[in-house]
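Please brief me on this protein model. I want the pocket, the strands and a few individual residues, in short points.

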Amino acid sequence: MIRTVAATRYLTPLREGGSLPAIVECDDGQLYVLKFRGAGQGRKALIAELVVGELGRALGLPVPEIVLVELDPVFGRSEPHEEIQDLLRASAGLNLALRYLPGALAFDPLVAPPQTLALASAIVWFDAYTMNVDRTPRNTNLLLWERELWLIDHG
């Protein structure tokens with residue numbers, strides 16, 4: 001069951017991705033990486049994120065919890081950056097987010113714990129099955145958190 005929460009506070013944009021996701025706090029007291037439906041990739045990328053993420057979870061792959069996030073039309077009105085204000089206005093309504101993993105680091109096979117390497121190899125097969133072309137050696141979209149490997153960004 002996919003939970004729905006409401007965004008209560010905009011914390012910071014994440015400049016790593018082209019869609020300008022952000023860390024937000026929601027009414028359940030948790031932090032999430034919010035992916036905006038008003039971003040350049042559009043709604044189809046969010047649908048892919050949901051379907052592929054939940055498919056991965058069903059297969060036993062470590063995917064942070066995915067939630068639907070309700071974004072109030074006035075959310076972020078105090079944001080000083082005009083581009084972000086436009087994105088927030090265009091994303092009023094239902095959006096998608098993954099649980100934020102505080103302190104997580106980008107996966108690097110050269111320094112990763114040995115137990116994560118076999119899982120990383122299995123993820124290559126999962127990506128081939130789901131046609132995820134966004135996970136590359138330069139941008140693995142894998143995080144190490146609490147010595148475990150986590151998949152992110154399935155859109």
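Helix 3 contributes the most to the lining of the second largest pocket, with four residues. Helices are DSSP runs of H or I with at least four residues, strands are runs of E with at least two, and both are numbered from the N terminus. The model is predicted, so local features need pLDDT of at least 70 and side-chain atom pairs count only at pLDDT 80 or more, while totals for chains, interfaces and linings use all residues. Residues are numbered from 1 along each chain as its sequence is written, and side-chain values use heavy atoms, with hydrogens and water left out.

**The second largest pocket**
- The volume of this pocket is about 240 Å³.
- A pocket is an open set of points on a 1 Å grid over the protein atoms alone, where a 1.4 Å probe fits, with protein on both sides within 12 Å along at least five of seven lines. Lining residues have an atom within 4 Å of a point.
- Grid points are joined across faces, edges and corners, and the volume is the space filled by probe spheres set on the points.
- The lining includes Phe107, Ile123, Asp127, Arg135 and Leu142.
- By class, the lining has seven nonpolar, three polar and two charged residues. Ala, Val, Leu, Ile, Met, Phe, Trp, Tyr, Cys and Pro count as nonpolar, Asp, Glu, Lys and Arg as charged, and the others, Gly among them, as polar.

- Three strands form an open sheet in the order 6-7-8, with antiparallel pairing. Two strands pair if DSSP finds at least two bridges between them.
- Strand 6 (105–106) and strand 8 (148–151) are the edge strands, each pairing on one side only.
- Four bridges link strand 7 (residues 142–145) to strand 8 in the antiparallel sense.
- Within that pairing, Leu144 has Leu149 as its bridge partner, and Trp145 has Glu148.
- Strands 7 and 8 form a hairpin with two residues between them. Glu146, in the turn, has a positive phi of about 50°.
- Helix 3 (residues 115–130) lies across strand 7 and strand 8, at about 15° to strand 8. Axes are lines fitted to C-alpha atoms, for helices over the stretch in contact, and angles run from 0 to 180 degrees between N-to-C directions.

- Strand 2 (residues 22–26) is largely enclosed by the rest of the structure, because four of its five residues are buried. Buried means under 20% relative accessible area, exposed over 50%, and partly exposed in between (1.4 Å probe, protein chains only).
- Strand 2 pairs with strand 1 in the antiparallel sense over five bridges.
- Four bridges also join strand 2 to strand 3 (residues 31–35), again antiparallel.
- Val24 stands opposite Tyr10 and also opposite Tyr32 in strand 3.
- Strands 2 and 3 make a hairpin with four residues between them, and Gly29 in the turn has a positive phi of about 85°.

- Leu11 sits in strand 1 (residues 4–13). Its relative accessibility is 34%, so Leu11 counts as partly exposed.
- Beyond its neighbours within four places in sequence, Leu11 contacts Ile23, Val24, Glu25 and Leu31. Contact means heavy atoms within 4.5 Å.
- Leu11 and Pro62 are 51 residues apart in sequence and 25 Å apart in space, C-alpha to C-alpha.
- Pro102 lies in the loop between strand 5 (93–99) and strand 6. Pro102 counts as partly exposed because its relative accessibility is 46%.
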